[in-house]
Amino acid sequence: MPNQSKILLIDAAINLILGLLLVALSDSITDTLGVPHTDQKFYASILGGVFIGITIALVVEALRGPAGLVGLGLGGAISINLCGGLTLTAWLIAGDLDLPTKGRVFLWGLAILLVAVSSSELWIHIQRRRVARDR
């Protein structure tokens, strides 16, 4: 494995740890890390989802083959948007958020947009790869 791939995987491991800590943020984690407590874990969890998406992008880049997704290009965008969108969706469904109607509409729109865009990008990539393979 080339040195660049090893560095990307180390970076991915760091991002994964940060992402999981942020997604699972609890009072005991905030006490352990010495970060401020908050009544809402919403933003930390969304950021954790982004870090997990970045982790996936780094791993995709480190392990990609000649015809594979580029982890920090299209693959990175798909990973980051999909993880952020799904984390936001999970919060909106199960997070018991006290949001005004305007905030709920905005966040649902954002979640749907993120998941739709990343799903469309993935579909396009799969179709292009299929066409290239069939030539």
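This report describes a predicted model of a protein chain, going from its confidence to its helices, its charged pairs and its aromatic rings.

## Confidence of the model

The mean pLDDT of the protein chain is 88, and 99% of its residues reach 70 or more. Within the chain, confidence is highest in helix 3, at 92, and lowest in helix 2 (residues 27-33), where the mean is 84.

## Helix 5 and what covers it

Which residues of helix 5 are buried? They are Gly-103, Leu-107, Ala-111, Ser-118 and His-125. An α-helix has 3.6 residues a turn, so residues three or four places apart point the same way. Among the elements that cover the buried residues of helix 5 are helix 3 (42-63) and helix 4 (74-94).

## Ala-62 in helix 3

Ala-62 lies in helix 3, and it counts as buried because its relative accessible area of 9% is under the 20% cut-off. Leaving aside residues up to four places away in sequence, Ala-62 touches Ser-5, Leu-8 and Leu-9. Ala-62 and Ala-111 are 49 residues apart along the chain, and their C-alpha atoms are separated by 28 Å.

## Three salt bridges

Side chains of opposite charge can pair when their charged atoms come close. The structure holds three salt bridges. In one of them, the side chains of Lys-41 and Asp-27 meet at 3.5 Å, from N to O. This pair links distant parts of the chain, with Lys-41 in the loop between helix 2 and helix 3 and Asp-27 in helix 2, 14 residues apart. Lys-41 is buried, with a relative accessible area of 15%, whereas Asp-27 is partly exposed, at 43%.

Another salt bridge joins Glu-61 to Arg-64, and here the closest N and O atoms are 3.2 Å apart. Glu-61 counts as buried at 15% relative accessibility, while Arg-64, at 38%, counts as partly exposed. The side chains of Arg-133 and Asp-134 also meet in a salt bridge, with 3.9 Å from N to O, and both of these residues are exposed.

## The aromatic cluster

How many aromatic pairs are there? The count comes to two aromatic pairs. The rings of Phe-42 and Tyr-43 have their centres 4.8 Å apart and their planes at 80°, so this pair is edge-to-face. Phe-42 is buried, with a relative accessible area of 7%, whereas Tyr-43, at 67% relative accessibility, counts as exposed.

The rings of Phe-42 and Trp-91 have their centres 5.9 Å apart, and because their planes stand at 80°, this pair is edge-to-face as well. The pair links distant parts of the chain, since Phe-42 belongs to helix 3 and Trp-91 to helix 4, 49 residues apart. Trp-91 is buried, with a relative accessible area of 16%. Taken together, Phe-42, Tyr-43 and Trp-91 form one aromatic cluster.

How values were computed
Residues numbered from 1 in each chain as written. Heavy atoms only, no water. Buried < 20%, exposed > 50% of the residue type's maximum accessible area, 1.4 Å probe, protein only. Helix = DSSP H or I, 4+ residues; strand = E, 2+ residues; numbered from the N terminus. Contact = heavy atoms within 4.5 Å. pLDDT = per-residue confidence, 0-100. Salt bridge = Lys/Arg side-chain N within 4 Å of Asp/Glu carboxyl O. Phe/Tyr/Trp six-rings, centres within 6.5 Å; stacked < 30°, edge-to-face > 60°.
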